[in-house]
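Please keep the sequence and the model at hand while reading.

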Amino acid sequence: IGSMRWRLAMGIAAIPALIQFICFLKLPESPRFLIMKGQKKKAEQVLRRLRGIYDPNAPNTTEIHDFLRDTEADSNHESDSLQAALQKVKNSTTIQRIFRLGLGLMLLQQLSGINTVMYYGADILIQAGFPEHQSVALTAALAIAQGIGIISASPLFDKFGRRKLLIPSTFAAALSLVILGFAFITHTSWLSLI
């Protein structure tokens with residue numbers, strides 16, 4: 001049963017990826033990309049489909065034509081604007097600070113180890129003292145808890161602000177990882193439930 005456990009876990013994890021791949025095949029090219037490639041008519045068809053406007057005489061057809069005209073004008077100046085934007089980033093300390101903050105947050109998330117905990121959750125729980133048959137169920141519960149946490153925290157960002165949520169949650173995550181590490185080293189299974 002040990003060799004089947006990882007196969008089952010990998011198989012279940014492949015299901016959302018397969019669904020996403022199948023849905024990806026139905027995605028149209030972006031209207032902006034089509035305009036850049038000189039396919040204005042196809043870009044208009046994609047816009048109509050995405051916005052649910054199938055009647056060419058519909059009242060909001062002018063909105064589509066305005067969008068196509070503006071996008072075509074923007075795409076002609078895109079290379080110049082990219083150089084200008086990069087120069088603006090180089091010259092502005094405020095924008096550089098914002099970039100550093102964003103990169104730091106991404107680095108913090110990656111180095112926190114949560115991906116490792118989620119990936120090796122069953123093995124960590126077994127080595128922390130849980131029976132093998134319970135470790136898979138607890139790993140699934142951990143994944144569900146993570147999903148619930150993400151879904152429930154999303155509306156709180158707008159209400160309280162990202163900073164007010166980020167700072168205490170970072171300390172809570174660090175404390176949780178320290179407790180998990182202690183439970184792992186000492187083989188104390190009850191600590192990993194905290």
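What percentage of the 194 residues in the protein chain do buried residues make up? Buried residues account for 16% of them, where buried means under 20% relative accessible area, exposed over 50% and partly exposed in between (1.4 Å probe, protein chains only). The model is predicted: local features need pLDDT of at least 70 and side-chain atom pairs count only at pLDDT 80 or more, whereas totals for chains, interfaces and linings use all residues. Residues are numbered from 1 along each chain as its sequence is written, and side-chain values use heavy atoms, with hydrogens and water left out.

**Helices**

The protein chain contains 10 helices and zero strands; helices (H or I, at least four residues) and strands (E, at least two) are DSSP runs, numbered from the N terminus. Helix α3 spans residues 40-51, and its 12 residues reach 16 Å from the first C-alpha to the last. This is close to the 16 Å expected at 1.5 Å a residue, the expected span being 1.5 Å times one less than the number of residues. Ala43, Glu44, Val46, Leu47 and Arg48 are the buried residues of α3. Just after α3, Gly52 adopts a positive phi of about 70 degrees.

**Aromatic residues**

| Residue | Relative accessibility | Class |
|---|---|---|
| Phe24 | 54% | exposed |
| Phe33 | 35% | partly exposed |
| Tyr119 | 56% | exposed |
| Tyr120 | 42% | partly exposed |

Phe24 belongs to helix α1 (residues 2-25). Together with Leu18, Phe21, Ile22, Leu25 and Leu27, Phe24 makes a nonpolar surface patch of about 660 Å².

Phe33 is part of helix α2 (residues 31-36). Its C-alpha atom is separated by 9.7 Å from that of Thr71, 38 residues apart along the chain.

A search of the whole structure finds one aromatic pair. The ring centres of Tyr119 and Tyr120 are 4.7 Å apart and the planes stand at 90 degrees, so the pair is edge-to-face. Rings of Phe, Tyr and Trp (its six-membered ring) pair if their centres lie within 6.5 Å; planes under 30 degrees apart count as stacked, over 60 as edge-to-face and the rest as tilted.

Key
Patch = residues over 30% accessible without salt bridge, like charges linked within 9 Å, V, L, I, M, F, W, Y side chains within 5 Å. Areas by Shrake-Rupley, 256 points an atom, 1.4 Å probe, with all protein chains shown as cover. Salt bridge = Lys/Arg side-chain N within 4 Å of Asp/Glu carboxyl O.
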